[in-house]
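Hello,

Here is the structure I promised to pass on. Please have a look, then read the notes below it.

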Amino acid sequence: MEISEIKKHLSAEIVGEKLFVYDEVGSTNDLLRELMGDGLAADGTVVVSDSQTAGRGRLGRKWVSPAGRNLYLSALFCPEISPQRSSVFTFLASCALVEVFSGYGVDATIKWPNDILVDGKKISGVLTELGTSAGSVDYLVIGIGVNLNLPEEFIHREMDDISEKTTSLSILLGEKVSRERFCAELIGALDRLYGEFRRRGTQAIVDMWIERWGFLGKEISVDVSGEVISGLVERVDGNGFLYLRTDKGDLRRVVTGDTVF
Ligand code: BTN
């Protein structure tokens with residue numbers, strides 16, 4: 001990816017002010033942390049790579065990261081926030097993604113906690129990692145993978161176990177997408193929402209996310225380490241935890257898991 005081409009489309013204040021673009025890295029999340037360790041990354045620094053040799057998803061899953069096709073981006077945030085509120089940044093990233101997809105006429109939905117789907121198929125995922133000391137957040141690394149120009153044949157050939165549940169923007173639009181442009185738009189959306197967070201705090205992001213997510217008051221099922229909890233979503237708190245009212249009448253708090261559709 002061409003850094004000049006990304007910058008051509010970029011309008012942001014903090015996020016992407018420092019932008020590093022690589023051809024190949026292990027994982028952009030790890031590289032960003034290394035840059036930070038070397039004093040080269042600060043609040044808002046973004047790392048993008050053309051490919052990843054060790055791209056990872058949540059819960060130790062692999063993130064398929066071929067060269068020249070997708071977006072692999074990590075952004076560093078150094079907010080004043082408690083560690084238990086860090087998933088608010090996953091929400092922030094999800095809202096930014098939905099916003100960018102809608103600019104392409106694509107109606108993306110959020111699957112709690114970190115998947116972005118179109119027509120029930122995954123197009124993007126967010127991996128939030130954090131560094132803490134003395135009970136507070138030092139930094140958050142928000143890693144975002146977006147399937148941009150993955151053709152159907154590639155998905156079927158290389159992603160057998162998840163191929164039925166995977167899509168890409170080019171499949172949806174029927175044409176290739178400029179990765180640089182999408183990257184700049186995503187950085188712009190992250191920047192705008194980060195500004196919103198700084199001005200109005202975590203609740204503003206959670207409220208926006210709840211609206212985009214659309215499952216408040218609806219029945220969902222969540223797989224929590226093998227136990228499936230089903231219930232009506234009664235509320236989502238400022239930490240991003242879900243409160244499900246089961247049909248037995250219990251209120252279950254869900255901190256992490258995977259939504260089951
Ligand atoms: C998931 O859905 O499980 C999260 C996927 C996150 C993938 C991105 S790609 C850029 C960044 N680097 C990584 O190694 N992972 C994230």
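Domain 1 and domain 2 bury about 1,200 Å² between them, with 49% of it on carbon and sulfur atoms. Buried area here is the accessible area (1.4 Å probe) that two parts lose on being put together, summed over both. In domain 1, Q84, W112 and I210 lose the most area to domain 2, together 48% of what that side buries.

This is a predicted model: local features need pLDDT of at least 70, side-chain atom pairs count only at pLDDT 80 or more, and totals for chains, interfaces and linings use all residues. Residues are numbered from 1 along each chain as its sequence is written, and side-chain values use heavy atoms, without hydrogens and water.

The domain assignment gives domain 1 (3-212) and domain 2 (215-260); such bounds come from an automatic or database assignment. Their C-alpha centres lie 25 Å apart. The contact (heavy atoms within 4.5 Å) takes 17 residues from domain 1 and 16 residues from domain 2.

Now the charged pairs. The rule finds 2 salt bridges across the interface of domain 1 and domain 2. A salt bridge is a side-chain nitrogen of Lys or Arg within 4 Å of a carboxyl oxygen of Asp or Glu. The side chains of D258 and R58 meet in a salt bridge, at 3.0 Å from N to O.

Which elements give two or more residues to the side of domain 1 that touches domain 2? They are α3 (87-103), β4 (109-111) and α7 (202-213). Helices (H or I, at least four residues) and strands (E, at least two) are DSSP runs, numbered from the N terminus. The largest share of that side, 5 residues, comes from α7.

Best wishes
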